[in-house]
Amino acid sequence: MAAARLSLSILLVVLAVAAGQRAAAQDYDFFYLVLQWPGSYCDTKQSCCYPKSGKPAADFGIHGLWPNRDDGSYPQNCSPDNAFNPSKVSDLLSSLRAKWPTLACPSGDGLKFWGHEWEKHGTCAANVFDEHGYFQAALRLRDQLGVLAALTSNGVKPDGGYYTLSQIKGAIQDGTGFEPYVECNRDEAGNSQLYQLYFCVDAAGDSFVECPVLPSGRPCGNRIEFPAF
């Protein structure tokens, strides 16, 4: 009888530990895929530095793929021992340079930027992605959207012109099927400009979904510049 009680106790402990591991494994509800317009990053008082590989293409680059919770909070730095290892994404480096470029100063090769994104955000999605899978998923999702084509085909072009928030959102929704959260920053003259777009992705990192909660980015107003790059 005592042996049976002991076995039951051990089983309960094992089940509790397993449940705890499952809970810890996914401490988020969805992802934000954040895309950034390089012209707006650079057209500020702090300016920018092109990466060592040269000036990126005039297209939306990836800022990050960020696990987020429905209450607006988010996990971060979930596995300090799981440091970024460039050798694990060696086959993706050319795509990362082109589609996930660093514009921070001083000029860099992107490794510091990608390492920050993996260690702060990617490690918190270890239940679905290893390092390679995380970067591969972000690249795939970004390509799937085709944001710049959606904008330009609807007359919203990166030529220094001004557009309304509804024009920008409507063009993107028309071309991609999803309405993003639009974040703006300010150029040197103080004009509001199209800076970042937030799209929501399901917890498996597979498909775009309607956003359960919106981020608290910089407000845009209704006269938004789309600067050239």
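This section describes strands, helices, aromatic contacts and backbone features in a predicted model.

Of its 11 residues, 10 are buried, so strand 5 is largely enclosed by the rest of the structure. Strand 1 (residues 30–36) runs antiparallel to strand 5 and is joined to it by 7 bridges. Within this pairing, Tyr32 has Cys200 of strand 5 as its bridge partner. Strands 4 and 5 form a hairpin in which 5 residues lie between the strands, and Gly190 in the turn has a positive phi of about 90°. A further antiparallel pairing, with 2 bridges, connects strand 5 to strand 6 (residues 208–209). Here Val201 has Phe208 of strand 6 as its bridge partner. The hairpin of strand 5 and strand 6 also has 5 residues between the strands, and Gly205 in this hairpin takes a positive phi near 75°. In a regular strand, side chains alternate between the two faces of the sheet.

Helix 7 (residues 165–176) contains 12 residues; at 1.5 Å a residue these should span 16 Å, and the end C-alpha atoms are 16 Å apart, which agrees. The buried residues of helix 7 include Ile168, Ala171, Ile172 and Thr176. They cover an arc of only 105° around the axis, which puts them on the same side of helix 7. An α-helix has 3.6 residues a turn, so residues three or four places apart point the same way. Ser166 and Asp174 are exposed, and they are carried by the face of helix 7 turned away from its buried side. After helix 7 comes Gly177, with a positive phi near 90°.

Buried residues in helix 5 include Gly133, Tyr134, Phe135, Ala137, Ala138, Leu139 and Leu141. Glu131 and Arg142 of helix 5 are also buried. Gly146 follows helix 5 and has a positive phi, near 60°.

A search of the whole structure finds 18 aromatic pairs. In one of these, the ring centres of Phe60 and Phe226 are 6.1 Å apart and the planes lie at 40°, so the pair is tilted. This pair links distant parts of the chain, with Phe60 in the loop between helix 2 and strand 2 and Phe226 in strand 7 (residues 224–226), 166 residues apart. Both Phe60 and Phe226 are buried. Another tilted pair is formed by Trp100 and Phe135, at 5.1 Å centre to centre and with 50° between the planes.

The charged end of Lys55 sits over the ring of Phe229, at 4.7 Å from the ring centre. That of Arg223 sits over the ring of Tyr162, 3.8 Å from its centre.

The peptide bond from Cys105 to Pro106 is cis, with omega near -5°, and Pro106 is found in the loop between helix 3 (93–99) and helix 4 (111–120). Ser47, although not a glycine, has a positive phi of about 60°. Ser47 lies in the loop between helix 2 (38–42) and strand 2 (61–68) and counts as partly exposed, at 35% relative accessibility. Asn77 is another residue other than glycine with a positive phi, near 50°. Asn77 is found in the loop between strand 2 and helix 3, and its relative accessible area of 45% makes it partly exposed.

Technical notes:
Residues numbered from 1 in each chain as written. Predicted model: local features only at pLDDT ≥ 70, side-chain atom pairs only at ≥ 80, totals over all residues. Heavy atoms only, no water. Helix = DSSP H or I, 4+ residues; strand = E, 2+ residues; numbered from the N terminus. Buried < 20%, exposed > 50% of the residue type's maximum accessible area, 1.4 Å probe, protein only. Phe/Tyr/Trp six-rings, centres within 6.5 Å; stacked < 30°, edge-to-face > 60°. Lys NZ or Arg CZ within 6 Å of the ring centre and 35° of its normal. Expected span 1.5 Å × (residues − 1). Arc of directions from axis to C-beta. Pairing = 2+ DSSP bridges.
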